[in-house]
Amino acid sequence: MSEEILTHLIPSITVTQEPIMYSLRLTHPVSSYLLSTGILPATCWGIAALWIIVMIKRLDIYEKKQHDLLLQLERQQTMMAIQEVSIQEAERKRIAADIHDEIGSNLAAIRVNLQSLHYRTAQDEQQASNLLQLVDQTSQNVRRAAHNLVPPLFGHIPLTDILQSYFSLLRTPEVLFHFCNNKYQPCFDARQELMLYRIVMELTTNIIRHSRASAATIQLLYYPEYLEILVEDDGIGLPLNGRPSGIGLSGVKTRVKSLGGKLHIDSGISGTTFIIHIPVIPQHAAPC
Amino acid sequence: MQPPVNIILADDHTLFADGIRSLLEQTPHITVQGIASNGQVLIEMLQRHQPDLAILDISMPMLNGLEATKIIRRDMPHIRTIILSSYSDPHLVSLSRSYGADGYLMKTCNQYDLLQTISRVLRGESCFPQLPRMQEPEIDHSFREFNLTRRELEILHLINQQFTNQQIATHLYLSIYTVETHRKNIMQKLQLKSPAALTRFLLEKGL
């Protein structure tokens, strides 16, 4: 009977093929036994379940790998941005030194030497006076250019003094700036302070250019564990759909990140408030 | 007849220092005893020559003009000092004053100003440029000493009216985090530790 079923199921098998028939005769009872006892379906289910588990595991591993790669990519991007910023800073410092030490000093020397010359005629004296005026004007421009790159004696003077000075000279027709700080603490090295200075400058420039504010307050408040930079204006707020990076905030973000800090932006119809916390790194915390 | 004056100059830019020297030596009673190329050389020269006056630049290698001024004031208080700098930054002017300089001049000054400043400083006067004042926001006089900003004062008034942080945030269109930050800064500036201390403070101030 069983042979008939088999020959029906597998028509190409003929009964005359003795060795095959022998093996079929042997395997058939085993498989019918496995089927009837439910071992075979259970094994199938088991294999299927195992396969699903393996696939899920693989998917997990794949997702973890992807996550790790993304993290690595992000870290590398941050590192690159930080490196770019530090290269830019080094370059700025070099150019500022070149401008100030070379051009600025030569102009001062030209000026003082022009003054010490003896002029024979009134016409000569007038010409020298015109030249002096030109030298003064050029010196002023050179000084401004160097100052914009890196303020003089940066790193030797408290950052709060430099900013106080900057805001006392800043005269903008639209925005009234107010700078405020508590007691300066030498918690950061010159490189970090330059980054803090750039953060304040970038936010100030944004206020002047984009905020349409009438008043702005910039505060540097030193706490034992962190420095708080609080910049607020009463302007129109940041554009809702516009990416903040579009108006020059990317530099602020990179610098805050490289200092291990946190940036909080609160923007609405009453203006914009930036709250930045920069942690005091333990090795620099000692003198505080 | 004016008494003789001995001066030592310090500037790392030789051409400029030479120019100042020839400008000063046109005045008969002034003698320039030497030119130092940095702060450290200046200190050595001052100790050796003991002049009446030192005229020095701020940015110099080895030892800058501000540090040198501090040392002169400490070790050789009888020597008068004038800073002659290309910078006009208010903080550099006030730092020079606090480090003990007697005068501050811009490198763009003319011969007359230079000689005037020298004679005034030698008479014992101090001679500094007028500093610009920061435009101060109009703040209630009773709080001026605490260095509070306009926003902080606004929040303080709302706290006084029993507003919660959330109510202040809604009222001023700010996030609650911003309000909390301002509140923390107010407490730090007023050097208060607890809300009860703040209430007492507001009562004392008669708010």
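Colleague: Where is A:L153 found?

Modeller: A:L153 sits in the loop between α4 (122–149) and α5 (159–169) of chain A. Helices are DSSP runs of H or I with at least four residues, strands are runs of E with at least two, and both are numbered from the N terminus. This is a predicted model, in which local features need pLDDT of at least 70, side-chain atom pairs count only at pLDDT 80 or more, and totals for chains, interfaces and linings use all residues. Residues are numbered from 1 along each chain as its sequence is written, while chains are lettered from A and ligands numbered from 1 in the order in which they are written.

Colleague: Why is A:L153 called partly exposed?

Modeller: A:L153 has 19 other C-beta atoms within 10 Å. Buried requires 20 or more other C-beta atoms within 10 Å of the residue's own, exposed 12 or fewer, and partly exposed is in between, with C-beta atoms placed from the backbone. A:L153 is therefore partly exposed.

Colleague: What makes B:Q191 count as exposed?

Modeller: B:Q191 has 9 C-beta neighbours inside 10 Å, so it counts as exposed. B:Q191 lies in the loop between α8 (176–189) and α9 (195–204) of chain B.

Colleague: What is the phi of A:L153, and what is that of B:Q191?

Modeller: A:L153 has a positive phi of about 60°, and B:Q191 has a positive phi of about 55°. Most residues other than glycine have a negative phi. A:L153 is not a glycine, and B:Q191 is not a glycine.

Colleague: How many residues of chain A are in contact with chain B?

Modeller: 39 residues of chain A are in contact with 38 residues of chain B, contact being C-beta atoms, placed from the backbone, within 7 Å.

Note on methods. Two residues are in contact if their C-beta atoms, placed from the backbone, lie within 7 Å.
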